[in-house]
Amino acid sequence: DRIGYGTVVIEQDEPRTRAHLVSDMQQPTALLVADARAPDVLLTAGIRMPNCMGLIALTGDDQVNQAIVIGARALAKDCRLLARVKSAAAQDMLAEFGNVIIVNPFGSFGVNFAMALSRPDTLRLEDWITGVPGAEPPKRFVLPHGHWVIAGYGRFGHAVAQALAEAGLTWKAIDIDPARCNDDGIVGNSVTEDALRRAGIEQARGLIACTDVDASNLAVIMAARRCHKKLFVVVRQNQVGNRALIEAAHADMEFVQAQLMTNEVLQEMTTPLLNRFLLRARKQPNAWAAGLIQRLREVVGDKVPYVWGVRIAPELVGVAHVFDERPEPPFALSHLMADPDRRHTKLPVVALMLSRGGNDLLLPDVNLPLARNDRIVFAGSQLVERLQRRTLADDVVIDYLRTGHDPPRTWLGR
């Protein structure tokens, strides 16, 4: 809603819809109390409408989400689909089905946790440009190296354990279910000091409280701090309504599934090219990410920026004029980053990546001449995006930006 998209919300559980009914929405929205697995419900929601940007399946049941996206694909073959799944079986099934964006929040946090261990500025950059525009900038996490204790060894616990192992760090998991522990963990209640001590809490540098009960996670943290006060604490929040419990834990790092999913959905559904940028940014040194963060701060500001993609589309009037009628002087990236009314004024925007013919160029030179069908990812504001789209649609504006000449627009003036 805050970045200009209308929504249709489908929710089967009527009591859960009350919060939506009283929410302050700026964009058009509709609410259907129904089962999204039913084809007629998806049709009513507008799955076949030409302005439908996509469908996002976020129920807490992997099988339900599978059924929703499979049904949606049968109704609208070109619709972008995203499903939240947590089990390996569900991921494999949807991967085999194909053409569905799969988001596993536990796996995503595992990747983020691994980055925090080795490249904290790379993680901060990702959080910075995938957050909700206008939000406060993310924290920079510096995770200690040494022994870690994991309280809760389910799918989340396995994800962070893998990240620790890949970083060459030692860890010990505690879980009350013997089937989960195998040889990797300690069978016991992680709330008890005995289990924590057997896991090495007194020598540990960090604790990950990741059971599926928020109150238990708070109890684990309190018990661990009685044994060892100087711990780096990571906590998992399961229920949105338990925010007060998580805040009471005073953790150093939090896994909030709702927040992570918001970032993932914005990234995948509104600016698909952004995900390619992030994958390439992960391969850069940590210092590269730190430098880009500083550049974003200086040019765009301290808040989370708005991120969008632009295609140099030949069907636009301004673009057709550049390449078919008046190719000189070349239309450069710098022209697209200048104010269309004051050509010497630079817009507060950073070009993150330019994609051309399957090749991606990170932080492209602003003097680079543009080509037909180039796609660029920008970070800035919605106002800048509107100005850029105005430039691409107007041959007179493009000529003014390239030459400084601003011809009269009226017949009499010409």
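## Close-up views of a predicted model

View 1. His 335 has its place in helix H16, which spans residues 333–336. This is a predicted model, so please read each close-up with that in mind. With a relative accessible area of 15%, His 335 is buried, because a residue under 20% is placed in that class. A polar atom of the His 335 side chain sits 2.9 Å from the backbone nitrogen of Ala 332. Leaving out residues up to four places away in sequence, His 335 touches Pro 330, Leu 401 and Arg 402.

View 2. Pro 329 belongs to the loop between helix H15 (317–325) and H16. For context, most peptide bonds are trans.

**View 3. The whole protein chain, as a guide to the other views.** The protein chain has 18 helices and 15 strands. Along the principal axes, its C-alpha atoms fill a box of roughly 90 × 50 × 40 Å. The chain has 414 residues, and 46% of them are buried. Taking contacts between residues at least 6 apart in sequence, 64% join residues at least 24 apart.

**View 4. Helix H6 against helix H14.** Two packed helices are described by the angle between their axes and the distance between the axes. For H6 (residues 120–130) and H14 (residues 286–299), the axes come within 7 Å and cross at roughly 35°. The crossing of H6 past H14 is left-handed. On the H6 side, the residues that meet H14 are Pro 120, Asp 121, Thr 122, Arg 124, Leu 125, Trp 128 and Ile 129. Their partners in H14 are Asn 286, Trp 288, Ala 289, Ala 290, Leu 292, Ile 293, Leu 296 and Arg 297. Sorted by class, this contact of H6 with H14 holds 10 nonpolar, 2 polar and 3 charged residues.

**View 5. Glu 126, a buried residue of H6.** Staying with helix H6, we turn to Glu 126. Is Glu 126 buried or exposed? Its relative accessibility is 7%, so Glu 126 counts as buried. The side chains of Glu 126 and Arg 282 are joined by a polar contact of 2.5 Å. Neighbours within four places in sequence aside, Glu 126 is in contact with Asn 112, Met 115, Leu 278 and Arg 282.

**View 6. The largest nonpolar core.** This core has 27 residues, of which Phe 113, Trp 148, Ile 208 and Met 253 touch the most other members. Two or more residues come from each of helix H5 (105–118), strand E6 (148–151), helix H7 (155–166), strand E7 (171–175), strand E10 (232–237) and strand E11 (253–256). H5 gives the largest share of this core, with 6 residues. Another core, of 23 residues, lies apart from it and includes Ala 151, Leu 196, Leu 218 and Ala 223.

**View 7. The contacts of Ile 208.** Which residues does Ile 208 touch, not counting residues up to four places away in sequence? They are Phe 113, Trp 148, Val 149, Ile 150, Ala 151, Phe 156, Val 160, Leu 164 and Val 234.

**View 8. Phe 255 in strand E11.** Phe 255 lies in strand E11. Its relative accessible area is 1%, so Phe 255 is buried. Not counting residues up to four places away in sequence, Phe 255 touches Pro 105, Phe 106, Phe 109, Phe 156, Val 235, Arg 236, Gln 237 and Leu 260. Arg 282 is 27 residues from Phe 255 along the chain, and their C-alpha atoms are separated by 20 Å.

**View 9. Ala 248 in helix H11.** Ala 248 is placed in helix H11 (residues 243–249). At 42% relative accessibility, Ala 248 counts as partly exposed. Between the C-alpha atoms of Ala 248 and Leu 333 there are 49 Å, and the two are 85 residues apart along the chain.

**View 10. Two loop residues with positive phi.** Most residues other than glycine have a negative phi. Asn 99, though not a glycine, has a positive phi of about 60°. Asn 99 is in the loop between helix H4 (88–97) and strand E5 (101–103), and is exposed at 58% relative accessibility. Leu 363, also not a glycine, has a positive phi of about 45°. The loop that holds Leu 363 runs between strand E14 (359–362) and strand E15 (375–380). Leu 363 is partly exposed, with a relative accessible area of 23%.

Note on methods:
Residues numbered from 1 in each chain as written. Predicted model: local features only at pLDDT ≥ 70, side-chain atom pairs only at ≥ 80, totals over all residues. Heavy atoms only, no water. Axes fitted to C-alpha atoms, helices over the stretch in contact; angles between N-to-C directions. Helix = DSSP H or I, 4+ residues; strand = E, 2+ residues; numbered from the N terminus. Left-handed = near helix turned anticlockwise from the far one by under 90°. Contact = heavy atoms within 4.5 Å. Nonpolar A, V, L, I, M, F, W, Y, C, P; charged D, E, K, R; others polar. Core = buried A, V, L, I, M, F, W, Y, C linked by side-chain atoms within 4.5 Å. Buried < 20%, exposed > 50% of the residue type's maximum accessible area, 1.4 Å probe, protein only. Polar contact = N/O pair within 3.5 Å; in protein donor to acceptor, adjacent residues only side chain to side chain.
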